[in-house]
Amino acid sequence: MEVFDLLNFKNPVFTTYLFWTGVLVLKLFFMVILTARQRYTKGVFANPEDAATKKGKVKFDDEDVERVRRAHLNDLENLVPFFIIGLLYVLTNPSHFLAMMLYRMIGFCRIAHTFVYAVYVIPQPARALAFFGALAPTIYMAVQVVMAFY
C-alpha cells in the first residue's frame with residue numbers, strides 16, 4: 001500500500017488515530033484551564049503582574065497548583081510521543097480492531113491518569129496503573145513501527 005492510501009479518511013485506522021489525537025489535544029487544553037482554576041482558587045500566581053491584578057501572591061510551591069502542573073507535564077511527556085508514534089503506526093497498516101483498541105486504551109488511561117492525579121486524588125496504584133496502561137500500548141506501537149521499517 002502507498003502512504004497516501006493509509007493516510008486518508010477512507011482508512012479507519014487513520015480516522016481512529018485522528019479522533020483520539022483530537023480528544024487528547026482537548027485534554028491538554030483542559031489541563032491549562034485546570035491549572036488556571038487552581039491558581040485563581042488558591043490566589044497564587046507565577047508572575048507578579050498576575051498576582052497584583054488578582055490580589056494574590058507570587059508562590060511557586062503551592063501543593064495543589066504543583067500537582068496539576070506535574071500532571072500537565074506528564075501529559076506533555078507522554079502524549080507528544082503518542083502523537084508521533086501513533087501516526088507512524090498507521091503506516092504499518094495494522095488491523096483496525098487492534099489499532100482502535102490501542103488508541104482507546106491510551107486515551108482512556110491518559111484521561112484516568114489526569115483524574116486520579118489532579119482532579120480527585122486517589123492513592124497509588126491508581127495513578128501507576130493509568131500511567132502504565134497508556135505507556136505499554138505506546139511502546140508496543142513503537143516496537144511495531146521499528147520492526148516494520150527495519
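Trainee: In this predicted model, is Thr21 buried or exposed?

Mentor: Thr21 is found in helix α2, which spans residues 12-42. The cut-off for burial is under 20% relative accessible area. Because its relative accessibility is 15%, Thr21 counts as buried.

Trainee: Which residues does Thr21 touch, not counting residues up to four places away in sequence?

Mentor: Contact requires heavy atoms within 4.5 Å. With residues up to four places away in sequence not counted, the partners of Thr21 are Phe82 and Phe83.

Trainee: Is Thr16 buried or exposed?

Mentor: Thr16 also has its place in helix α2. Setting aside residues up to four places away in sequence, Thr16 touches His96, Met100 and Tyr103. Its relative accessibility is 11%, and therefore Thr16 counts as buried.

Trainee: Which residues of the largest nonpolar core touch the most other members?

Mentor: This core has 21 residues. Those that touch the most other members are Tyr17, Phe82, Phe83, Tyr89, Val90, Tyr103 and Met141.

Trainee: Which elements give two or more residues to this core?

Mentor: The largest nonpolar core includes Tyr17, Phe82, Tyr103 and Met141. The elements that give two or more residues to it are α2, α4 (63-90), α5 (96-119) and α6 (126-148).

Trainee: What does Phe82 touch, not counting residues up to four places away in sequence?

Mentor: Phe82 is one of the core residues that touch the most other members. Not counting residues up to four places away in sequence, its contacts are Tyr17, Thr21, Leu24, Leu87, Tyr103, Ile106, Thr138 and Met141.

Trainee: In what order do the elements of the protein chain run from the N terminus on?

Mentor: The protein chain has 6 helices and 2 strands. Read from the N terminus on, the order is α-α-β-α-β-α-α-α.

Trainee: What radius of gyration does the protein chain have?

Mentor: The C-alpha atoms fill a box of roughly 60 × 30 × 25 Å along the principal axes. For a compact globule of 150 residues, the radius of gyration would be near 15 Å. The protein chain, by contrast, has 19 Å.

Trainee: Among contacts between residues at least 6 apart in sequence, what percentage joins residues at least 24 apart?

Mentor: Of the 150 residues of the protein chain, 39% count as buried. Among its contacts between residues at least 6 apart in sequence, the share joining residues at least 24 apart is 71%.

Conventions:
Residues are numbered from 1 along each chain as its sequence is written. This is a predicted model: local features need pLDDT of at least 70, side-chain atom pairs count only at pLDDT 80 or more; totals for chains, interfaces and linings use all residues. Side-chain values use heavy atoms; hydrogens and water are left out. Helices (H or I, at least four residues) and strands (E, at least two) are DSSP runs, numbered from the N terminus. The radius of gyration is taken over C-alpha atoms; the globule rule is 2.2 Å times the number of residues to the power 0.38. Buried means under 20% relative accessible area, exposed over 50%, partly exposed in between (1.4 Å probe, protein chains only). A nonpolar core is a set of buried Ala, Val, Leu, Ile, Met, Phe, Trp, Tyr and Cys residues joined through side-chain atoms within 4.5 Å.
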